[in-house]
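I want to look up a few helices and loop residues and jot down what turns up.

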Amino acid sequence: MKKKILIDVERLKYPKSGIANVCISLIKGLDEKNHDFDYTLYGPKKNIPVTNSNFNIINWNFWQKKISINTFSFSLIHTTHQLSDYFHKISKNQRKITTLHDLNFLHDNSSEKKILKSTKLVQKNIGKSDAIVCISQFVKEDFLKNKHLFTLKADVKIEVIYNGLLFPEKIIFNSEVKYEFLDKKYILNIGVLFPKKNQEVLLELIANNDRDLVLVTSSAKSEYKEKFLQKVKYLGLENRVHILENIDNNKKYFLLQHCESYCHPSLAEGFGIPPVEAMYFGKPVFLSKLTSLPEIGGELAFYFEDFKGDSMQKVYEEGIETYNSNPIQYAEKLKERALKFGYKEMADSYEKLYKKVLS
């Protein structure tokens with residue numbers, strides 16, 4: 001009889017989030033392989049993809065924070081996010097794995113109250129884990145530096161498994177929307193308008209060239225968004241900055257297909273899904289040198305030395321020139337690198353870890 005594994009995919013409550021995409025990729029990857037376990041998925045049933053293997057589903061309900069579900073029959077519980085509110089208690093004979101995406105709350109000027117609250121929640125998830133999966137080497141190094149903040153099992157395994165993506169089967173997309181910027185060269189950025197994403201520095205970049213800037217983001221309001229819009233107005237860039245909110249994947253892929261480049265000047269990333277998607281489309285990517293991004297872009301990406309307008313423009317001009325010297329070959333190399341971060345590779349790595357922990 002196969003051992004039973006419960007995978008917490010509760011974050012599918014937010015289906016357009018990066019973590020939701022990773023959960024779907026993991027489900028698909030496990031479904032497509034000859035898996036050695038009996039899998040059950042815990043999350044909102046309406047957002048969980050149908051599987052050929054007919055994985056069991058336990059439907060998420062809000063009250064389960066207070067009245068936990070019975071997990072007695074499972075040999076292993078995999079919590080896919082370090083801030084999960086579920087499955088903090090496990091029985092003596094069970095094993096647990098937690099995926100750690102980042103410890104950003106220690107580095108983003110959070111209040112002491114928020115740091116304490118987040119640290120306690122991470123502790124609840126990783127404290128009884130037999131293995132902690134970090135989604136990049138950077139996250140692992142950051143965790144080891146701050147390991148003293150947590151109480152862990154003496155023999156806990158700490159591993160790196162990169163997030164895996166589901167790439168579109170085609171790379172030619174159409175859009176019913178006739179975007180005004182399509183006749184121009186435009187720089188694309190994808191992500192919530194948020195201080196750690198650092199999108200405002202891209203305004204300094206386009207102020208020094210003739211590109212448009214297209215931001216794919218959510219409709220969430222924030223102080224940073226207001227500050228960003230004020231800066232757009234101050235620099236007189238209202239006609240060159242385009243904010244598209246809550247768009248679907250087809251529109252996102254259409255924009256990736258037509259952009260001149262993808263720029264991601266983030267100050268904090270546990271992994272960085274959008275740059276990988278841009279590389280899959282063979283687009284030149286311009287990244288910050290911070291946190292995990294050099295692991296993602298490797299030698300093929302171009303890196304901003306700092307975030308001053310003139311300096312960013314120099315990096316941009318040189319990068320575009322390098323790319324355009326042999327665009328077909330460069331695009332092929334970028335796509336080849338992106339495919340290393342595939343969903344099948346991630347699912348294989350997780351199932352190997354499940355076996356190791358249960359052996």
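Predicted model: local features only at pLDDT ≥ 70, side-chain atom pairs only at ≥ 80, totals over all residues.

Residues are numbered from 1 along each chain as its sequence is written, and side-chain values use heavy atoms, with hydrogens and water left out.

**Entry 1: Ser325 and the helices around it**

I began with Ser325, in the loop between helix 9 and helix 10. (Helices, H or I of at least four residues, and strands, E of at least two, are DSSP runs numbered from the N terminus.) A polar atom of the Ser325 side chain lies 2.5 Å from the backbone oxygen of Thr322. Is Ser325 buried or exposed? Ser325 is exposed, at a relative accessible area of 60%. My cut-offs are under 20% relative accessible area for buried, over 50% for exposed and partly exposed in between, with a 1.4 Å probe and protein chains only.

Next I looked at the two helices themselves. Helix 9 (residues 309-324) and helix 10 (residues 327-338) have axes 7 Å apart and pack at an angle of about 100°. The axes are lines fitted to C-alpha atoms, for helices over the stretch in contact, and the angles run from 0 to 180 degrees between N-to-C directions. The two helices are therefore roughly perpendicular to each other; the scheme takes 65 to 115 degrees as roughly perpendicular, under 35 as roughly parallel, over 145 as roughly antiparallel and the rest as oblique. Thr322, Tyr323 and Asn324 make the contact from helix 9, and Pro327, Tyr330, Ala331 and Leu334 from helix 10. Contact here means heavy atoms within 4.5 Å. By type, the residues of this contact are five nonpolar, two polar and no charged.

**Entry 2: Ser292**

How far apart are Ser325 and Ser292 in space? I get 28 Å, C-alpha to C-alpha, for 33 residues in sequence. Ser292 sits in the loop between strand 12 (285-288) and helix 8 (293-297). Ser292 is buried, with a relative accessible area of 0%. Its side chain reaches the backbone oxygen of Phe271 at 3.0 Å. Leaving aside neighbours within four places in sequence, Ser292 is in contact with Ser136, Phe138, Glu269, Gly270 and Phe271.

**Entry 3: Ser84**

One more serine. Ser84 is in the loop between strand 4 and strand 5 (95-100) and is buried, at a relative accessible area of 2%. The side chains of Ser84 and Asp8 are joined by a polar contact of 2.8 Å. Not counting residues up to four places away in sequence, Ser84 touches Asp8, Thr79, Leu121 and Asn125.

**Entry 4: helix 1**

I checked the length of helix 1 (residues 18-32). At 1.5 Å a residue its 15 residues should span 21 Å, and the end C-alpha atoms are 21 Å apart, which agrees. The expected span is 1.5 Å times one less than the number of residues. Buried residues of helix 1 include Ile19, Val22, Leu26 and Leu30. The buried residues of this helix pack against strand 1 (4-8), strand 2 (38-43), strand 4 (76-79), helix 7 (273-280) and helix 11 (343-358).

I followed up helix 11. Its axis and that of helix 1 come within 8 Å and cross at roughly 75°, so these helices are roughly perpendicular to each other. Among the residues that meet are Val22, Leu26 and Leu30 in helix 1 and Met346, Ala347 and Tyr350 in helix 11. The residues of this contact divide into eight nonpolar, two polar and four charged.

**Entry 5: two asparagines**

Most residues other than glycine have a negative phi. Asn54 has a phi near 55°, a positive value, and Asn198 has a positive phi of about 65°. Asn54, in the loop between strand 2 and strand 3, counts as exposed at 61% relative accessibility. Asn198, in the loop between strand 8 (186-190) and helix 4 (201-206), is buried at 8%.

Conventions
Polar contact = N/O pair within 3.5 Å; in protein donor to acceptor, adjacent residues only side chain to side chain. Nonpolar A, V, L, I, M, F, W, Y, C, P; charged D, E, K, R; others polar.
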